[in-house]
Amino acid sequence: MASCRARAGQVRHPAPAIPAAAWPLVGPVYSVSGTVRCAHLRAEDSLWRLTVAISWNPSRGATLGIEWELQLIDGRSRMLRQDAREVLAALPALSKGGDHPKIRYELMQSTVEVVTGICSTVSEAKEDLTATIAQLERITGSRGTMLACAGTHPVSDWRDAKMAPIQRYAELVEQLQWLARRIQTFGVHVHVGIRDGSKAIPIVNALAAYLPHFLALTASSPFWSGHDTGLASSRAVIFGGLPTSGPPQPLADWSEFEEYMDTLLRAGTIRSIKEVWWDIRPHPDFGTVEIRMFDGVPTLREIGMVAAISQCLVQQFDTQLDRGYRLPAPSAWVVRDNKWRATRYGLDAIVITDDSGSTAPLRDELFELVHELEPVADRLGCAQELEVTSEVLNHGASYERQRALVANGGGLEDVVDALVTEFAEDRFVIPGEAAYGRT
């Protein structure tokens, strides 16, 4: 079949090699991203139809890329500041860096996303973020804006948000309406490279068992619009309401992934596979598995922690596949139930450990996970970052630290100040401390 080229969201016509009489049976072929994609034929029930073929851009190994969504906070009011347009305009060298800028818009103008390049180690990724944030702070500081990160801002109302001036965001809001307008949330995405695309789906399936681990360690959104939601992560519920978000669809292999994407494209559910916002998803253009389950975390040390866990797990599963092992794939009901348990109870969740309904405390599971990953972390050079997991278990995840401040007599403005302090000083704030930036 002749090669073909299309851009994201465009429709390609059936390949000329197919008889014209068959076109009504096969329908159109859609592009899936900005790279070369070709269609191939499959025989099903004696009928031929076209299926999108999604090529994998191989990574050079378990490389890392991190996306950290930061809050822009007014230094006087402590409320979110819709300032992204001005901040990005003041940093053209970082915000207009071709296809992969270091700082970029997110859906709301209260957010800037800081993005690493392709990194080999966790320490390299942290250094990359540190260098970019230093330049960002130079601009925000001059504007009276502070930086912080948590899954939500404890006080600001989503109805006060302004959308970023990006056409695809405007189209998203038009399509999803209230579901999109309320997404004034903040997260962390970690990409881990894979050489062989045939491993992507088995690794995604195996990683789905760790959704509660990822979420509970980083849960940081107990408050929403000035109220305690009773959840460890309200962000997981707010973002999880989007129609193509949530746990990854259980699939057998890459061929089945292609077929599923083809079905969504034909149905008009999506225009590009980039609109599939699973908690964990393959990213074929980057040659990565992208873990999107993390709430926004306040400190660089927690960024290193989630990057270390992600890289270690993907590397371990990649190695197991090379040795001929079949990776575990939890049932969909277990994945959904465990995600809810972590959403509600965070580190205090009792999670399901097998399809028969056995359970265990998530804290115990996390201690065991750290112990299991220590040899992998030693080989990857991220043992120190992995050990931060134990610090979080001992001192509390962000949602626990925030609530402890309120329980100790603080208000939600004090929570905001503590988040600013944690970001600026890369440490956990203990209740009773003087808050950063208070006047």
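# Exercises on strands and helices of a predicted model

Four bridges connect β5 with strand β8 (residues 145–148), and the two run antiparallel. Strands pair if DSSP finds at least two bridges between them. Helices (H or I, at least four residues) and strands (E, at least two) are DSSP runs, numbered from the N terminus.

The model is predicted: local features need pLDDT of at least 70, side-chain atom pairs count only at pLDDT 80 or more, and totals for chains, interfaces and linings use all residues. Residues are numbered from 1 along each chain as its sequence is written, and side-chain values use heavy atoms, with hydrogens and water left out.

## Exercise 1

Step 1. Start with β8, where Thr145 stands opposite Asp74.

Step 2. Ile66 has Val190 of β9 as its bridge partner.

## Exercise 2

State how many residues of β5 are buried, and sort them by the way they point.

Step 1. Buried means under 20% relative accessible area, exposed over 50%, and partly exposed in between (1.4 Å probe, protein chains only).

Step 2. Eleven of the eleven residues of β5 are buried, and the strand is mostly covered.

Step 3. Leu64, Ile66, Trp68, Leu70, Leu72 and Asp74 point one way, while Gly65, Glu67, Glu69, Gln71 and Ile73 point the other way. In a regular strand the side chains alternate between the two faces of the sheet.

## Exercise 3

Step 1. Strand β6 (residues 103–105) runs antiparallel to β7 and is joined to it by three bridges. The bridge partner of Tyr105 is Val112. A hairpin of five residues leads from β6 to β7.

Step 2. Glu113 has a relative accessible area of 2%, so Glu113 counts as buried. Contact means heavy atoms within 4.5 Å.

Step 3. Phe186 is 73 residues from Glu113 along the chain, and their C-alpha atoms are separated by 9.2 Å.

## Exercise 4

Check the span of α4, and then describe its crossing with α11.

Step 1. The expected span of a helix is 1.5 Å times one less than its number of residues. The 21 residues of α4 should therefore span 30 Å, and its end C-alpha atoms are 30 Å apart, which agrees.

Step 2. Two packed helices are described by the angle between their axes and the distance between the axes. Axes are lines fitted to C-alpha atoms, for helices over the stretch in contact, with angles from 0 to 180 degrees between N-to-C directions. The axes of helix α4 (residues 122–142) and helix α11 (residues 300–322) come within 10 Å and cross at roughly 145°.

Step 3. The contact uses Val122, Lys126, Leu129 and Thr130 of α4, and Leu300, Ile303, Gly304, Ala307, Ala308 and Gln311 of α11.

Step 4. Ala, Val, Leu, Ile, Met, Phe, Trp, Tyr, Cys and Pro count as nonpolar, Asp, Glu, Lys and Arg as charged, and the others, Gly among them, as polar. By this scheme the residues of the contact of α4 with α11 are six nonpolar, three polar and one charged.

Step 5. Just after α4, Gly144 has a positive phi of about 70°.

## Exercise 5

List the buried residues of α14 and the helices against which they pack.

Step 1. Helix α14 (residues 383–395) has 13 residues and reaches 19 Å from its first C-alpha to its last, close to the expected 18 Å.

Step 2. Its buried residues are Glu385, Leu386, Val388, Thr389, Ser390, Val392 and Leu393. These pack against α4, α8 (211–218), α11 and α13 (362–380).
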